Structures are given as C-alpha cells and as structure tokens.
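Please look over the structure shown below before reading on. The report that follows takes up charged pairs, aromatic rings and a pocket in turn.

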Amino acid sequence: MLVMLIIIMPLAAQGSRLYSWANRLEETGKEKITNLQFYFHDTLSGKNPTAVKVAQGTDTDKSPTLFGAVFMVDDALTETADPKSKLVGRAQGLYGSSCKEEVGLIMAMSFCFEDGPYKDSTISMIGKNSVMNPIREMPIVGGTGMFRMARGYAIAKTNWFDPKTGDAIVGYNVTVVH
C-alpha cells in the first residue's frame, strides 16, 4: 500500500501538466481589444536628437534610399502632433534602411507607455515601414504588462516631415488584442 502511494502521489500532483516543459494554464475570459492613438516624434537634428545613426554600410552614403543605415531610437510619444502636448510614452528600439529601390525601413520598436491606465506596459512592433506611402500598416507582435500576449496592427501616417533634417512626426493608430 505504501509503495502504491509513493507511485500515485506524484502523478496526481501533476494535474494538468502535459509534459515536464509544458503546462496547461487556466482559461480566462474573453480577450480585450484596445485602440490607441498617439504621435511619434522622430528627431535626427539639433543638439538633442532622439534618433541617432549607429551603423551604416560601405555604400550607404551613395544610396538614394540610405540603404544600410541603422538608427537607435528613443522618441517621444504624445497625445497630439504638437511636440509640447502631453507625453504618453516613448518609442524605443531601432530602425534601418532595408530597401535599395524605395525608402523603406525595417522597424523593431517598443512603445513604452508612461501615463494613464497603460503606464509601465509596452507594445512591440516589428515590420516594414514603406515611409513614402501615405498610410502604412505594421504588425504588433507582443507586449508586456496590460498588453501581455498582445497581437494586432499599427497604422502609421506621416503628419509632418522635414526633408533637410529627416525629422518627422508620425501619427499612429494601434489596435491591439490582448
């Protein structure tokens, strides 16, 4: 009898364990859908740029699309297009010029929220941004905090662009399932 208890107890304790490396988690209620609208302020010029070039290819300076340039970013996210409007978070990550024939960026970015109900939560975006298109769509592939397990899409629309400096203000409309 004691031998049977020693064999059966560990099996009963596993409950919903499928394998040693996988657990079935409790199912929760319905998923939430959240829509966020904010503005991304990308500043390459001046004394305090928020995007800086950290690498480039040997022929990047000869490329009309800056193919091969890579930038690290810590851009403000605000409520409106006005740079002095309320700060809601920061876009932190990188983008690189990944297209030879068009101005196209590969973006790997975390939208890190610093205000409101999503304070200390993030949304992760990675994908191609064809910046010359009036409206671009990029995938949301994850998140943290209130946005854990997030998926969705971001619609970007350039609000303002200075071709001399590369500075831009881009409106984002983000729909997230979490």
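Which side chain meets that of Glu 31 in a salt bridge? In this predicted model, the partner of Glu 31 is Arg 151, with 2.9 Å from N to O. Arg 151 is partly exposed, at a relative accessibility of 40%.

**Salt bridges**

Side chains of opposite charge can pair when their charged atoms come close. The count for this model comes to five salt bridges, and three of them, including the one already described, are set out in the table with the distance between nitrogen and oxygen.

| Salt bridge | N to O distance |
|---|---|
| Glu 31 and Arg 151 | 2.9 Å |
| Asp 74 and Arg 90 | 2.7 Å |
| Glu 102 and Lys 128 | 2.8 Å |

The salt bridge of Asp 74 with Arg 90, whose closest N and O atoms are 2.7 Å apart, links distant parts of the chain, since Asp 74 is in strand β5 (residues 70-78) and Arg 90 is in strand β6, 16 residues apart. Asp 74 counts as partly exposed, at 33% relative accessibility.

For the salt bridge between Lys 128 and Glu 102, the closest N and O atoms are 2.8 Å apart. Lys 128 lies in strand β8 (residues 122-130) and Glu 102 in the loop between β6 and β7, so this pair ties together parts that are 26 residues apart in sequence. Lys 128 has a relative accessible area of 41% and is partly exposed, and Glu 102, at 31% relative accessibility, also counts as partly exposed.

**Aromatic pairs**

A search of the whole structure gives eight aromatic pairs. One of them joins Phe 38 and Phe 111, whose ring centres are 5.1 Å apart and whose planes stand at 65°, so the pair is edge-to-face. This pair links distant parts of the chain, with Phe 38 in strand β3 (residues 33-42) and Phe 111 in strand β7 (residues 104-113), 73 residues apart. Phe 38 is buried at a relative accessible area of 2%, and Phe 111 is buried at 0%.

Phe 40 and Tyr 172 form a tilted aromatic pair, with 5.5 Å from centre to centre and 50° between the planes. Phe 40 is in strand β3 and Tyr 172 is in strand β11 (residues 168-177), so that pair also links distant parts of the chain, 132 residues apart. Both Phe 40 and Tyr 172 are buried. Taken together, ring pairs link Phe 38, Phe 40, Phe 111, Phe 113, Tyr 118, Phe 147 and Tyr 172 into a cluster.

**The largest pocket**

Rolling a probe the size of a water molecule over the atoms shows where empty space is left. How much space lies in the largest pocket? The volume comes to about 570 Å³. The pocket is lined by 23 residues, of which Val 103, Leu 105, Val 131, Phe 161 and Gly 166 are the closest to its centre.

Two or more lining residues come from each of the elements β3, β6 (87-97), β7, β10 (151-161) and β11, and the largest share, three residues, is given by β11. By kind, the lining divides into 16 nonpolar, five polar and two charged residues.

How values were computed. Residues numbered from 1 in each chain as written. Predicted model: local features only at pLDDT ≥ 70, side-chain atom pairs only at ≥ 80, totals over all residues. Heavy atoms only, no water. Phe/Tyr/Trp six-rings, centres within 6.5 Å; stacked < 30°, edge-to-face > 60°. Helix = DSSP H or I, 4+ residues; strand = E, 2+ residues; numbered from the N terminus. Buried < 20%, exposed > 50% of the residue type's maximum accessible area, 1.4 Å probe, protein only. 1 Å grid on protein atoms, 1.4 Å probe; cavity = no way out; pocket = protein on both sides within 12 Å on 5 of 7 lines; lining within 4 Å. Points joined across faces, edges and corners; volume = space filled by probe spheres on them. Nonpolar A, V, L, I, M, F, W, Y, C, P; charged D, E, K, R; others polar. Salt bridge = Lys/Arg side-chain N within 4 Å of Asp/Glu carboxyl O.
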